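Please work through the following exercises with the sequence and the model open side by side.

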Amino acid sequence: MIDQINPRARRDAFGTKINRDHSRLLAYGVPWLAILLFSLTPMLPVIASAPVMPPLGYMFMLAWRLMRPGLLPMWAGLPLGAFDDLFSGQPFGGGILLFSLTLIAADFLDARFPWRSFWQDWMIASLVIAIYIGCAALVSGADLETPLLVALVPQLLLSVLAFPIIARMVSLLDRLRLLRIRRLG
Amino acid sequence: MAPPKIRSSSNRKAQLSVFTGYLIAGMGTLIGAALLIISLMQPQALAGLRSMATDAASSAGEAGATARTGGKSFFEAIAGYYRAGSRNAELEREMRIARVRLVEAEAIRQENARLKRTLGLRERDTQPVALARLIGSTSSSARRFAYISAGREDGVRPEMPVVSPMGLVGRVLETGARSSRVLLLTDSESMVPVRRSTDNVVAFAEGRTDGSLRLRLINLGINPIKPGDVFVTSGAGGLFRPNVAVAVAETITRDGAIARVLSNPAATDYVAVEPVWQQEARAMLRAPPAAETEAE
């Protein structure tokens, strides 16, 4: 007698494996869309009198790059940075420069440390975000005085603490990205 | 995840694609650096592109701003139930005092009008150009800009002052068709001529980026400012009309004070865009000096 087959045997986290495949649009579109959407945070109704919000667009790009190397092309810094510049309040070009440099640096990092745990990723991200916030303040055209530097500290701490949450959101989005929804045949 | 293995020494095509990747990324970096230098030297160079993008995103932002107003009043309504009794008594006492003050203020207003008539000065009421919502602000950048939901189509022009019922918020920097970018008072590039509300101690209010203002006295000497002094716009420079509340002094420094901005933009729902106070004076200031024009 043949037992009934387990109904979940032909499924995995991304859906049924029969007659379905990943959608190219989702697989390549979701990271871009997520980064662009979070670059729009200045349009959120948060009116801050000091820089407090983490640079979410940049952190999403960093999280995608650290989690899925090779998914974002090397030139992605140009369009993503330009879009971020349109809203972030930084002088246009600063985002392009910093986003591109980050992607190039991440490539060298992958060559040196190909296998990393999440803790290492977090440590690297904290360092990179600290450098980004510092450089962004440097090129923003604001007067570099003590009150500005003091005001950057809470933003930096908040960004470091927000990175695990962002990494978690990116991994959720990654599951959405790899859903098998394309019908074959 | 480990990076994909594309560094193969035998695969010529893969090597070429890695090289092209670096080349394009390097070019992107250079483009970014060039654009950055241009924007630092000419801040308004790419303003058109920016305002177009803001226009496109502002409708979503406006919906968010509506939700913020609604959400705030919702929580305030709940919080109101807790201290209703003591609050009521306190408000009634304040109301009795306020009624007396109102009558006094009315008397002073009439006296003021009479004195102005005697002097032959005409009272000019500034009508706001447009009322707008604060959509958002550059909350993760070191610069302090805000976006408002009124633009060129509503008559908003660069340099117009933006005020809330609590006081001055900033001035318009770039205008899109239906949205504008506002330089907030706390930006380090913002400078407003102010005077103490009670007398003529004049100062400049500079933004400090961390949400406070630095008041620099123009007449140095003994610092007359005391904590709690309220500063209002003086009208010097012709941009802001006089007597709009700006800040209240908190800490006294050697050459002035550190002050708190009165109109906290986070607590403001609607702002009014006002016309430039002395249009002619501004035009004269921006025109080249007479000597230069004669020489040409």
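This is a predicted model: local features need pLDDT of at least 70, side-chain atom pairs count only at pLDDT 80 or more; totals for chains, interfaces and linings use all residues.

**Exercise 1.** Determine how many residues lie between β4(B) and β5(B) in the hairpin that they form, and describe how β5(B) is paired and covered.

*Solution.* Begin with the turn: β4(B) and β5(B) form a hairpin, with four residues between them. Residues are numbered from 1 along each chain as its sequence is written, and chains are lettered from A and ligands numbered from 1 in the order in which they are written.

Next, take the pairing, for which DSSP must find at least two bridges between two strands. β4 (residues 167–175) of chain B runs antiparallel to β5(B) over five bridges, and within β5(B) B:Arg181 stands opposite B:Glu174. β2 (residues 145–148) of chain B is also antiparallel to β5(B), over four bridges, and here B:Phe145 has B:Leu183 as its bridge partner.

Finally, consider the cover. In a regular strand the side chains alternate between the two faces of the sheet.

**Exercise 2.** Which residues of α5(A) are buried, and where do they lie around the axis?

*Solution.* First check the length: the 22 residues of α5(A) should span 32 Å at 1.5 Å a residue, and the end C-alpha atoms are 31 Å apart, which agrees. The expected span is 1.5 Å times one less than the number of residues.

Then list the buried residues of α5(A), which are A:Ala125, A:Val128, A:Ile129, A:Tyr132, A:Ile133, A:Ala136, A:Ala137 and A:Val139. Because they cover an arc of only 165 degrees around the axis, they lie on the same side of α5(A); the arc is that of the directions from the helix axis to the C-beta atoms.

On the face turned away from this buried side, α5(A) carries the exposed residues A:Trp119, A:Leu127 and A:Leu138. The cover over the buried residues includes α2 (56–67), α4 and α6 of chain A, together with α1 (12–41) of chain B. After α5(A) comes A:Gly141, with a positive phi near 90 degrees.

**Exercise 3.** How many residues does each chain give to the contact, and which element of chain A supplies the largest share?

*Solution.* Chain A gives 56 residues and chain B gives 53, two residues being in contact if their C-beta atoms, placed from the backbone, lie within 7 Å. On the side of chain A that touches chain B, α3 (77–88), α4 (94–112), α5 (118–139) and α6 (146–177) each supply at least two residues, and the largest share, eight residues, comes from α4(A). By type, this side of chain A divides into 39 nonpolar, 14 polar and three charged residues, where Ala, Val, Leu, Ile, Met, Phe, Trp, Tyr, Cys and Pro count as nonpolar, Asp, Glu, Lys and Arg as charged, and the others, Gly among them, as polar.

How values were computed. A residue is buried if 20 or more other C-beta atoms lie within 10 Å of its own, exposed if 12 or fewer, and partly exposed in between; C-beta atoms are placed from the backbone.
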